[in-house]
Amino acid sequence: MTTAERRGRGGPGRHLGRIDRILDRILDRVWLAPEDPTALGLVRIAVVAVLTASLLTHVGAVSEYFSHASPLQGEWAREAFPSRVSLFFWIEQPWAVRAIFALGVVAHLLWLVGRFTGPASVVAWLLWVSMSGRSPLLYSLPDQLQMAMCTLLMVMPSGRGVSLDARRHGPRPVPVWCRRLLMIQLAAMYTATGVLKSGATWHRDHTALYYSLVNPYNRHFDAAELFAGLQWMLGPMTAVVVWWETLFAAFVALHAVRSLLGRPRWFPDLRWPVLGFGVLMHLGIQGALYVAWFSPLVLSVYFAFLTPDEARRAIARTRVIFAHRHRRPRSGS
Amino acid sequence: MKPLRLLHALVPTALLVGIVAPVLPTAHFGPVPGAVARALLLVSIKQSWAMYAPDPQRAHTYMELEALYPDGSTAPLEESVDVERGWGTTWAWRKTRMDIWRFYANFHPARRNDNRTWYLRLVCVREARRGEPPRKITMHQVKRRFTPPAKVAAGAPGLRDPVRQLVTVAYCNASPAREMIEADRRLNPELHDHG
């Protein structure tokens, strides 16, 4: 074989090999690179704690909502909600539905502490799919985010850090896509919400926050006069909130670029101002309005923005604080 | 690239499509967002995020249900309590998940709303468990608009006067409400034992 022939054969092969290596490197940086599982473990604990609390609010009404003891039952339930799947369309005996619910509670607790995390998360997810599918009109927008987060965490190896499984088998790395997808989920939610807020109350007279605060369907305080007097403050806040939400995807994109570049010093870390505003906003919402578990759930997912090192330091600091508090009374006695 | 790595990368990529595709505008992306959204809805995942969009509510509505019984008597049903007492404040311990269904059932008073239709059939069964089932249930809506902040600051009340309008009439002795009641009597005789 001549040199020219070898070049002719080796050329495209070499190019393909190079493209393959570049693609592999990109995939590695974007999705597959391993990282310490602590931050994902923290997200698991926080999100599953909220899911468990939300689940427990069904206690006492499980048969009424999901079994044939419900006023809407059997073939009519299936006819009313044809676009959903649910175990409870087929298993309808009240005792069986309650037993599945109890099993789901156990699964949530196992998922929370990170024992048999994989199967426990699948069982917990199946319960949520079945409850939401059987009676979707009992669920609103906060529950919608719960379902999305439950699904994402279920497909992630969330039990590899800060868990009983990790204590047994030792911590194992997780791929970076886990935390990144959680950030993307938040970005999709905030930015879509911001973009869709196109009405006059958001962009012309800036009264949207006022109207949200005075709605008797979910207001905690009957204080329309007070809020009307604070419109000088609520008006600018309305504009800031809608822009903050709309630009959240840009923040996540910048944060991803910063991470991919290895977090150089010249690249500003926007997490503290952006997420700090988010924390204040959600605490304000939770204090002023009934929004079920929405704020605790969103704030739980904010842990995804911690680097594994930061998550480890936060846990170590918490342990020191607890140990200190635990020791103090003894030294005094 | 190893096939296993490629397969692994497909997992987050598919999840990414599931998160982002449903929120893409259909004007630019055609049927794709709708198709992904429908597939996700099978397992009760919704990625539509229209919170307070395009505007927050500027009025709130409660349903008022009145039952007409075969003997000609009438009685307000439990939903009507909201019309009297629902204009104050709300805390988690006062809410039930049925409030969410009632909220959806109030949408589009002048148009067909399946959530309302099924809710009223459910009320027929519920009332049959408590005694004689009503012959028909008349649904009104009571709506109160929220006063703009400038007017409230000038001394106007926060909520305007209630406006009542007829929405629909549901017949409990018509199909399928009648069959639902019969099936419920067979399945849950203890719930129909009126002593």
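This is a predicted model: local features need pLDDT of at least 70, side-chain atom pairs count only at pLDDT 80 or more; totals for chains, interfaces and linings use all residues.
Helices and strands in this tour are DSSP runs, a helix having at least four residues and a strand at least two, and they are numbered from the N terminus.

**First stop: two cis prolines in chain B**

Select Ser175(B) and Pro176(B) and display the backbone. The peptide bond that joins them is cis, with omega at about 5°.

Next, select Ala53(B) and Pro54(B). Here too the joining peptide bond is cis, and omega is about -10°. Pro54(B) belongs to the loop between α3 (32-41) and β1 (59-68) of chain B.

**Second stop: two residues with positive phi**

Remain in the loop between α3 and β1 of chain B and select Tyr52(B), which is found there. The phi angle of Tyr52(B) is near 50°, a positive value in a residue other than glycine. Is Tyr52(B) buried or exposed? Tyr52(B) has 21 other C-beta atoms within 10 Å and is therefore buried, the cut-off being 20 or more.

Move to His108(B), in the loop between α5 and α6 of chain B. Phi of His108(B) is likewise positive, near 50°, in a residue that is not glycine. His108(B) counts as exposed because its C-beta neighbours inside 10 Å number 12, and a residue with 12 or fewer is placed in that class.

Chain B holds 8 helices and 4 strands. Read from the N terminus, their order is α-α-α-β-β-α-α-α-β-α-β-α. The radius of gyration of chain B is 23 Å, well over the 16 Å that the globule rule gives for 195 residues, so chain B is more spread out than a compact globule. Along the principal axes, the C-alpha atoms of chain B fill a box of roughly 80 × 60 × 35 Å.

Colour residues 3-41 and 59-192 of chain B separately; these are domain 1 and domain 2 in the domain assignment. The C-alpha centres of domain 1 of chain B and domain 2 of chain B are 38 Å apart.

Two figures describe the packing of this chain. Of the 195 residues of chain B, 28% count as buried. Among its contacts between residues at least 6 apart in sequence, 57% join residues at least 24 apart.

Now display chain A. Chain A contains 17 helices and 2 strands. Its C-alpha atoms fill a box of roughly 85 × 65 × 55 Å along the principal axes. Of the 333 residues of chain A, 43% count as buried. Among contacts in chain A between residues at least 6 apart in sequence, 76% join residues at least 24 apart.

**Fifth stop: where the chains meet**

Bring both chains back into view. The contact takes 69 residues from chain A and 58 residues from chain B. Which of them gives the most? That element is α1(B), with 9 residues. The residues of the side of chain B that touches chain A divide into 38 nonpolar, 12 polar and 8 charged.

Select helix α9(A), residues 177-196, together with α1(B). Their axes come within 10 Å and cross at roughly 10°, and the two helices are therefore roughly parallel to each other. Show side chains for Trp177(A), Leu181(A), Ile184(A), Gln185(A) and Ala188(A) on α9(A), and for Pro12(B), Leu15(B), Leu16(B), Ile19(B) and Val20(B) on α1(B); these residues make the contact. By class, this contact has 9 nonpolar, 1 polar and no charged residues.

α9(A) and α14(A) pack at an angle of about 155°, with their axes 8 Å apart. These two helices are therefore roughly antiparallel to each other. From α9(A), the contact is made by Arg180(A), Met183(A), Ile184(A), Ala187(A), Tyr190(A) and Thr191(A), and from α14(A) by Phe248(A), Ala249(A), Val252(A) and Ala256(A). By class, the contact of α9(A) with α14(A) has 8 nonpolar, 1 polar and 1 charged residues.

Notes. Residues are numbered from 1 along each chain as its sequence is written. Chains are lettered from A and ligands numbered from 1 in the order in which they are written. Two residues are in contact if their C-beta atoms, placed from the backbone, lie within 7 Å. Ala, Val, Leu, Ile, Met, Phe, Trp, Tyr, Cys and Pro count as nonpolar, Asp, Glu, Lys and Arg as charged, and the others, Gly among them, as polar. The radius of gyration is taken over C-alpha atoms; the globule rule is 2.2 Å times the number of residues to the power 0.38. Domain bounds come from an automatic or database domain assignment. Axes are lines fitted to C-alpha atoms, for helices over the stretch in contact, and angles run from 0 to 180 degrees between N-to-C directions. Angles under 35 degrees count as roughly parallel, over 145 as roughly antiparallel, 65 to 115 as roughly perpendicular and the rest as oblique.
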